[in-house]
Amino acid sequence: MKFVNSLNKALDKLLRENSEVVLYGEDLSDPYGGAFKVTKGLSTEFPGQVFSTPISEAALIGMSAGMSIGGLKPILEIMFGDFVALGIDQLLNHLTKFRWMYNDLIKTPVLIRATMGGRRGYGPTHSQSLEPLLASIPQLKIIAPSDYHNPGELLEYAVLEDDAVKIFIEYKLLYPRELRLKDKIPDSIEVLYSSSNYPTAYLSNCFFESPEILLISFGGNSIIIEELMDELLMEYELNTEVILPSVIKPFPYNDIAEKVNNSSCILFIEESPVTYGWASEIIACLAENGLIAGKEVHRVGAMDLPIPSSMGLENKVLPSKSLIKSKIKKILNLERL
Amino acid sequence: MEKFFWIPFEDVNDEEATITQLLYESGDYVEKNSIIYSYETTKTAVDVESGEIEGYIFYFIDEGQAAKIGANICVITSDKDYKIQTQEIQSLDSGKNQDYRLTAKAKLLIEEKKIDVKKLNLKGIIREKDINNFIKSKSTITKSDKEKIKYLDRGDTFIEFLLNDDNFRQLSSEEKIRKYRDNGHTIGENVTIMDGAVIIGNTITIEDNVQIGTNTYIEVPEIVIRKNVSIGSNCDIVASQINIGEFSRILNNVLVDIAGGRYFDSNFVCGRDCLIASDVFINACREVRLGDHVSLSHRSIVFTHSFWQSVLEGYSANFGPVKFEDNSQLGSGAQVLPNITVGEGSVIMSNSLVTSPVAKHVLVGGVPAKIIRKDIKKSLSIGQKLRIIQRVFDEFADYLHTDGYSIDKLGDLEIETTKDSVRRNILIVDSLKKLSIKKDIVIVFKKEKNINEKATEVFIVDDKSYLGNLSELGRMLLGFFRRRGILFYPGE
């Protein structure tokens, strides 16, 4: 099943079985069915629960607060995650604070679906990965599935069982990908999961040996990581382990700490700028707990620049596969082969 | 001149496009700026034009078929008899026909060893270690005499006698040794075979200064026990072949068996100066091989086969050798499973269960054992070594004091002992040249000329050797240092 189909099916199920679930956003009604076709067919099937809206992210996010206070479970689609910035005031100063300002008397179980990520030449305002910016908002939970997770299951759980305010990150290039579940997992990789409601995926090509490098990342970076694991295995027989949490804020400390403990060399991969990034936060936490003393720890991510429209330049600003690969080769001195 | 046309990346939803129409037949002549085919994705329908090129068109795909993004659709060429190459057709399944892939290292090894990949009979990713396993498995199938299962020669009257007559075991050590020699076995000088002990084998070679403890039973077709080996009491050793390296010590109640079945490599091979502590259990239905200075601690277990559940019901019955490389150590109560090599200098913590191979110089622990620490071996400077020896030397002086010696300290590196009115001095020096008079016992770092003129007994750190006939005090020092991991062997 493809990433996009998994989400579409989950939304269908949520709307069918829960009359309080409402799905809305820009251009998501049929026949268009949303910019990335995640909501295709749903407005026809559930006309009372699914509707398209005018272009005003601030109003859309504000509406979700009202809806949730009134007892609904709104799912809001933000066509490009970059536009969440237009509704930051509602998110930062209202939605995430109400529960605390009113002493738990009201709850705002809102889920905002937002596409993120570049590598498509969509330019500086449609390609960003704003996870670190959003992660700085207190009490905002950020879920970011990779193709090694089941995004539909995560979405269902987040909407029905989790009463936090949530951003659900959908990486653009993941939509057409086949989910890496069961027989779709590449033959060189084995996958284990932590037993949480938001499971962390552990990828390995060396379950019986110790890894030479541990990669920590999330979301659509799995695409590059999967290719890297394969290339480094075929070229250097490199033993690699990967941690892909499905919730990135709050990040699953224990899931990460356990693996970090057993690895001497760690590389964090993110598509947002390295500076003031997601990796920095985790590394700081691990350092405070004395878990990375004496280990080699590195980060790779975007440059501190707007993302260019030209694909060639975009590939320079964002961390490309070849850049990450040459970094790993340098860290591990692989050219000696 | 030729130009290929392919499906571009249209949008993030689509990995493929459907070819809705081909406007020509393969081999037709196409003018510039003509529409040559149409395709559709979930978002767009596109007519593709020939642009600034004209020539003969050849399609790689039929109308109505799906094509992957990037796949070639057609070529326009000036060659009227253009032959389509198979690699130009990229169907959706392309690249999946080969059911194995070789890593770069595996490829090199295959070329070097001239192995036919198909003979490996492997699917998926093939690594260097897979090729090595294959080479190893091939080499074990050759049938040399060495690799035949060894049984006791039941037709031999002496062996029958040893197996059945319990009175032999109560003979004195000298009488037993005489009988062994009379029956063609090689027994060295100063060997002791204690009460109740018996050694049964087709060929028995025991070198000088070997001790076999009381009630120890050894039943092995081929036995080699090198000099200065001691085997404790109540040991029970059954295998196809044993070879115990010099200075190795097997303590009491050690059990070596071949449960799981005798095989051509049901061997127990032990290098120089190993320690098998009391109550150790070694299953040797496949070879258990210890390098030099390996220690298996009290109650540790080595297994070369796994359980007896039915393989036809999907359980695994695992058989395989176990190897301990030089200087490795198995902690007390720890267990090692079949097919495992413990790397040089590695330590397995007590009560661990080792289920996968252990790298070199690591500390592993837990059930199942995981790496706790890497690079546990440090390189030491001469100064650091000197301080360590000095510390052990200090402890040794205290020990002597509690054993009835009176000790006079003549500085950090020299003591004088007195017992029964005999005065003897022991000292550590960096060079024997500094000694003006001959000393009794000297610990020195390097071997030097005319060493015998400077001291009666000399222990040389770099060589791990000692020279001279050891007095009682010298033997005490030898044992005390050995227990702290500082080893000396008789020198040339």
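Mentor: Residues are numbered from 1 along each chain as its sequence is written, and chains are lettered from A, ligands numbered from 1, in the order in which they are written. The model is predicted, so to speak of a local feature we need pLDDT of at least 70 and for side-chain atom pairs 80 or more, while totals for chains, interfaces and linings use all residues.

Trainee: How many residues of chain B are in contact with chain A?

Mentor: Two residues are in contact if their C-beta atoms, placed from the backbone, lie within 7 Å. Chain A brings 18 residues to the meeting, and the number from chain B is 17.

Trainee: Which helix gives the most to the side of chain A that touches chain B?

Mentor: Helices here are DSSP runs (H or I, at least four residues), strands are E runs of at least two, and both are numbered from the N terminus. The helix you want covers residues 221-236 of chain A and gives three residues, and its name is α8.

Trainee: How many residues on that side of chain A are nonpolar?

Mentor: Ala, Val, Leu, Ile, Met, Phe, Trp, Tyr, Cys and Pro count as nonpolar, Asp, Glu, Lys and Arg as charged, and the others, Gly among them, as polar. That side has six charged and four polar residues, and the nonpolar ones number eight.

Trainee: Are α3(A) and α4(A) roughly parallel or roughly antiparallel?

Mentor: Axes are lines fitted to C-alpha atoms, for helices over the stretch in contact, with angles from 0 to 180 degrees between N-to-C directions. Angles under 35 degrees count as roughly parallel, over 145 as roughly antiparallel, 65 to 115 as roughly perpendicular and the rest as oblique. The axes of α3 (residues 57-69) and α4 (residues 88-95) of chain A come within 7 Å and cross at roughly 25°. The two helices are therefore roughly parallel.

Trainee: Is Gly261(B) buried or exposed?

Mentor: A residue is buried if 20 or more other C-beta atoms lie within 10 Å of its own, exposed if 12 or fewer, and partly exposed in between, with C-beta atoms placed from the backbone. Gly261(B) sits in the loop between β22 (255-257) and β23 (267-270) of chain B. Because it has 11 C-beta neighbours inside 10 Å, Gly261(B) counts as exposed.

Trainee: And what about Ser280(A), which class does it fall in?

Mentor: Ser280(A) lies in helix α10 (residues 278-288) of chain A. With 16 other C-beta atoms within 10 Å, Ser280(A) is partly exposed.

Trainee: What percentage of the residues in chain B are buried?

Mentor: For chain A, buried residues make up 50% of 337 residues. Chain B has 492 residues, and the buried share is 30%.

Trainee: Which residues of chain B have pLDDT under 50?

Mentor: pLDDT is the predictor's confidence in each residue, from 0 to 100. Chain B has a mean of 86, and 94% of its residues reach 70 or more. Where pLDDT is low, the predicted coordinates should not be read in detail. One stretch that stays under 50 in chain B is residues 90-97.
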